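Subject: Model for your files

Hello,

Here is the model we spoke about, with a few notes to follow. Please look it over when you have time.

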Amino acid sequence: VGYFSLGGLGVNIFFVLSGYLISRIIFDYKLRDVSIGSAAGQFYWRRFLRLTPPLYLAIAVTALLGIGGMRADWLWHASYLTNFKIYFQKSWGPATHFWTLAVEEQFYLVWFFLLIVTPLRRSFSLIVSGIIAGFTFRIATYASGDLWSFVLLPSTISYFCAGAFIAYAESLDRELDARLIRLFSGWKTVALAFGSVLLSLCISDLFWQEVTYIIASLFFSFCLIISARNAAKAR
């Protein structure tokens, strides 16, 4: 379990799923021609209710009980900057599992406005560019010796945009959506994709392991979510 680090794979799936769900919501606003101001109010209020109350409750209780170094670090976590704390310190620490929520919140702030102001006909280009840019950023920083950049939003945007790609096909391109279902859904495809993740982790060269792992984990998350969505629709 420690070698294959499947917990990290779960985080990647979480990011792709989030990119799918959030982008689908934004596309719905655009298709219903909701004004940007009204859409922003609805979107951010719902995101606030979903994440912030339980997070702040956890911070308050653990700070009160003196657990997890929260009395010293509460501002990092409350500001959704846990990932920056990890990046600057180049190490894990108590309560640093909040980094995924921090990246999630940062994604909300950036992606809503990028996608809402982009014309529907150009959304595809935006999403594909995000996948390429995120992959390029992560590989470039890793090659330069920056091993901790994976906790930053630019390194994870590929996963979010992979989910957005599924949302784009579902919301705007039925032909593409049908093609994705045909090519990427089903337990055999998911099993093959998972096998590619395990194989990537067996590569001895760390740089190429990182390259192939990112591609394989994107592929697996993509197949898993398309398969789950297709199965749910078939019921």
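Is alanine 95 buried or exposed? Alanine 95 is buried, because its relative accessible area is 16% and the cut-off for buried is under 20%. Bear in mind that this is a predicted model.

Backbone angles

Most residues other than glycine have a negative phi. Alanine 95 has a positive one, near 65°. This alanine 95 sits in the loop that links α4 (82–89) with α5 (99–117).

Aspartate 33 is also not a glycine and has a positive phi, about 60°. Its place is the loop between α1 (6–31) and α2 (36–65). Aspartate 33 is exposed, because its relative accessible area is 69% and exposed means over 50%.

Helix packing

The axes of α2 and α5 come within 11 Å and cross at roughly 175°. An angle over 145 degrees counts as roughly antiparallel, so α2 and α5 are roughly antiparallel to each other. On the α2 side the contact is made by Ile36, Ala39, Ala40, Phe43, Tyr44, Arg47, Arg50, Leu51 and Leu55. From α5 come Leu101, Glu104, Glu105, Tyr108, Leu109, Phe112, Phe113, Ile116 and Val117. By class, the residues of this contact of α2 with α5 are 14 nonpolar and four charged, with no polar ones.

Regards

Methods: Residues are numbered from 1 along each chain as its sequence is written. This is a predicted model: local features need pLDDT of at least 70, side-chain atom pairs count only at pLDDT 80 or more; totals for chains, interfaces and linings use all residues. Side-chain values use heavy atoms; hydrogens and water are left out. Helices (H or I, at least four residues) and strands (E, at least two) are DSSP runs, numbered from the N terminus. Buried means under 20% relative accessible area, exposed over 50%, partly exposed in between (1.4 Å probe, protein chains only). Axes are lines fitted to C-alpha atoms, for helices over the stretch in contact, and angles run from 0 to 180 degrees between N-to-C directions. Angles under 35 degrees count as roughly parallel, over 145 as roughly antiparallel, 65 to 115 as roughly perpendicular and the rest as oblique. Contact means heavy atoms within 4.5 Å. Ala, Val, Leu, Ile, Met, Phe, Trp, Tyr, Cys and Pro count as nonpolar, Asp, Glu, Lys and Arg as charged, and the others, Gly among them, as polar.
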